[in-house]
Amino acid sequence: MAVAWGPSAANAEDRSVQIDASVTYVFNRLRPNPTSNIPVTHSYQVTLSGANQVDEQRTSQSGTLSYSSQSTRVLGQSGSEGKTGGAWRVAGPHSLVRERDLPQSTETLTIAVQGQSCEISVSNRLKPGFSEFKYPRVGSGEWQYFSAPQVTSTSCVIR
């Protein structure tokens, strides 16, 4: 079965598509407590089903610290922004995009599907007037400041 998004695929009540994807970054914390090369992996389990329903389970892991969140939305519907928010939307017949509006930047995840395989890519853009990225710390949720995150690996599988 080829995976495609849109009215015919997303509205099929008896079908669901699960995508397991992850992005691993290296962060350099600027403040507080400057620290280099902090590894963080964000894992996403995205299930599309029913009438454009999107279930997302997200886990962030950095060393022994972790944070998990779960949400159910309709494609295009945004949840709480910032620490866990964002909206998944269809960006074409073979791609999904999730944008998360952070205090000083915008994170954009793109999942591109080709047949039964997929790829995830990410873009982190500073908003005008800012020179550092503000992200919640994994585990505590405390806001901290970083230089541009560097993607070190990605993975994506359709189940």
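User: How much accessible surface does the protein have, and what share of it belongs to carbon and sulfur atoms?

Analyst: This is a predicted model, and its accessible surface comes to about 8,000 Å², with 49% of that belonging to carbon and sulfur atoms.

User: What is the confidence like across the protein?

Analyst: The mean pLDDT is 88, and 87% of the residues reach 70 or more. Residues 6-12 are where you'd want some care: pLDDT is below 50 there, and the stretch has eleven contacts in the model beyond near neighbours in sequence.

User: Which elements make up the fold, and in what order?

Analyst: There's one helix and eleven strands. Starting from the N terminus, the run is α-β-β-β-β-β-β-β-β-β-β-β.

User: Why is the pair of Tyr25 and Phe27 called tilted?

Analyst: Their ring centres are 5.2 Å apart, and the cut-off for a pair is 6.5 Å, so they pair. The planes sit at 45 degrees; stacked needs under 30 and edge-to-face needs over 60, so tilted is what's left.

User: And what makes Phe133 and Tyr135 a stacked pair?

Analyst: The angle between their planes is 0 degrees, and anything under 30 counts as stacked. The centre-to-centre distance is 5.9 Å, within the 6.5 Å limit.

User: How do you know that Tyr25, Phe27, Phe133 and Tyr135 are buried?

Analyst: Buried means under 20% relative accessible area. Tyr25 is at 1%, Phe27 at 5%, Phe133 at 5% and Tyr135 at 6%, so each of them counts as buried.

User: What makes you say that the charge of Arg31 sits over the ring of Tyr145?

Analyst: The charged end of Arg31 is 3.7 Å from the centre of the Tyr145 ring, and the distance limit is 6 Å. The definition also wants the charge within 35 degrees of the ring normal.

User: Which residues touch the most other members of the largest nonpolar core?

Analyst: That core has 27 residues, and the ones touching the most other members are Ile19, Phe27, Trp88, Ile111, Cys118, Ile120 and Cys156. β1 (16-31) is among the elements giving two or more residues; β1 gives the most, with six. Nonpolar side chains tend to be buried together in soluble globular proteins.

User: What does Ile111 touch?

Analyst: Leaving out residues up to four places away in sequence, its contacts include Ile19, Trp88, Cys118, Ile120 and Cys156, plus His94 and Glu119.

Key
Residues are numbered from 1 along each chain as its sequence is written. This is a predicted model: local features need pLDDT of at least 70, side-chain atom pairs count only at pLDDT 80 or more; totals for chains, interfaces and linings use all residues. Side-chain values use heavy atoms; hydrogens and water are left out. pLDDT is the predictor's confidence in each residue, from 0 to 100. Contact means heavy atoms within 4.5 Å. Rings of Phe, Tyr and Trp (its six-membered ring) pair if their centres lie within 6.5 Å; planes under 30 degrees apart count as stacked, over 60 as edge-to-face and the rest as tilted. Buried means under 20% relative accessible area, exposed over 50%, partly exposed in between (1.4 Å probe, protein chains only). A nonpolar core is a set of buried Ala, Val, Leu, Ile, Met, Phe, Trp, Tyr and Cys residues joined through side-chain atoms within 4.5 Å. Helices (H or I, at least four residues) and strands (E, at least two) are DSSP runs, numbered from the N terminus. Accessible areas come from the Shrake-Rupley method with a 1.4 Å probe; for residues, only the protein chains shown count as cover.
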